[in-house]
Amino acid sequence: MMKKNLLLILMCFVCGLVYAHDGLNFRNLDVKSGISDNYVRSVLRDQYGFMWFATLNGLNRYDGYQFKKYTTTQLGAYNNDIESIAEDAAGNIWIKGPVSYYIYDREQDKLENKIQPVLNKYGITGEVSYLTVDKDYNLWCTVMDTLFHYDFAKSKLHTFQLPGKEKMQQVVCRRSCAYLLFSNGEIARIDSNFQHIRPETRRTISSGLQYNLYIDTVDRLWFYASHASGLQCYDTNQKQWIDYVGRQEVTDALITAVMDDGDGNL
């Protein structure tokens, strides 16, 4: 009888533990916790497990216990505003400010505004006006009217001549399927052989808004303006703009970012 009671107690104890861990516990991280600003613009988890937060007042690295702040004013920036952060396949962490790009120097544990020595290793020369890391963790850069794409898996550099006089605003790429957004609303595609750029479609844009493209896991393009209403979807297989379930629900919503979970949920 005593053994049965003990077994029952142990079973209740184990069930209690399982039930307690079934939920999620959340803890807020804010300026009281050590982050430099509560307005976070971009988040990254690097290959070493550190969490990085790009804020209006500097870049913050979180190790699970405390924050370390990195600033850009000592590198000549007029403020510490950080717009975005990304890590490429080689482990380079790229940081974008309002005017300049920076790279994180792991050995010195500091930000560096001299990014050219790193880019030179991949054959990218000249003053960079645009830099991004795509969904395949490869690097894209523009230098004047030349677009560079470095494929880390193949250790290969591709170069393209940008068409026309319109400024290229964004590159999105997933599984080597790349699209470019230009300042006049034109969307172009780089073919699968990375040989040339060809027009794909066009959207009407309004002056004063920052437009964005997002490519999801089934290669649909999502077009929207930051902090404005309206979210449009382009089916790259059907080659047309399509309606989608839930469009009415976000008609009046202000869109700040788009992402999906890999299972078709946006």
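Modeller: Happy to! Two strands pair if DSSP finds at least two bridges between them. Strands themselves are DSSP runs of E with at least two residues, while helices are runs of H or I with at least four, and both are numbered from the N terminus. This is a predicted model, in which local features need pLDDT of at least 70 and side-chain atom pairs count only at pLDDT 80 or more, while totals for chains, interfaces and linings use all residues. Residues are numbered from 1 along each chain as its sequence is written, and side-chain values use heavy atoms, with hydrogens and water left out.

Four strands form an open sheet in the order β9-β10-β11-β12, and their pairing is antiparallel. At the edges lie β9 (130-133) and β12 (156-161), each of which pairs on one side only. Neighbouring strands are turned against each other by 15 degrees on average, direction ignored; axes here are lines fitted to C-alpha atoms (for helices, over the stretch in contact), and angles run from 0 to 180 degrees between N-to-C directions. In general, strands of a sheet pair through backbone hydrogen bonds, either parallel or antiparallel.

Now for β11. Five bridges pair β10 (residues 139-143) with β11 (residues 146-151) in the antiparallel sense. Val 143 stands opposite Thr 146, and Leu 139 has Tyr 150 as its bridge partner. The hairpin of these strands has two residues between them, and Met 144 takes a positive phi near 55 degrees there.

On to β12, which runs antiparallel to β11 and is joined to β11 by six bridges. Tyr 150 turns up again here, standing opposite Leu 157 in β12. This hairpin has four residues between its strands, and Ser 155 in the turn has a positive phi of about 50 degrees.

How covered is β11? Six of its six residues are buried, where buried means under 20% relative accessible area, exposed over 50% and partly exposed in between (1.4 Å probe, protein chains only). Thr 146, Phe 148 and Tyr 150 point one way from the strand, while Leu 147, His 149 and Asp 151 point the other way.

Finally, a look at a residue in β13 (residues 168-174), namely Gln 170. Gln 170 counts as buried because its relative accessibility is 15%. Leaving aside neighbours within four places in sequence, its contacts (heavy atoms within 4.5 Å) include Tyr 130, Tyr 179 and Leu 213. A polar atom of the Gln 170 side chain lies 2.7 Å from the backbone nitrogen of Leu 213.

Definitions and conventions:
A polar contact is a pair of N or O atoms within 3.5 Å; within protein, one must be able to donate a hydrogen and the other to accept it, and residues adjacent in sequence count only if both atoms are side-chain atoms.
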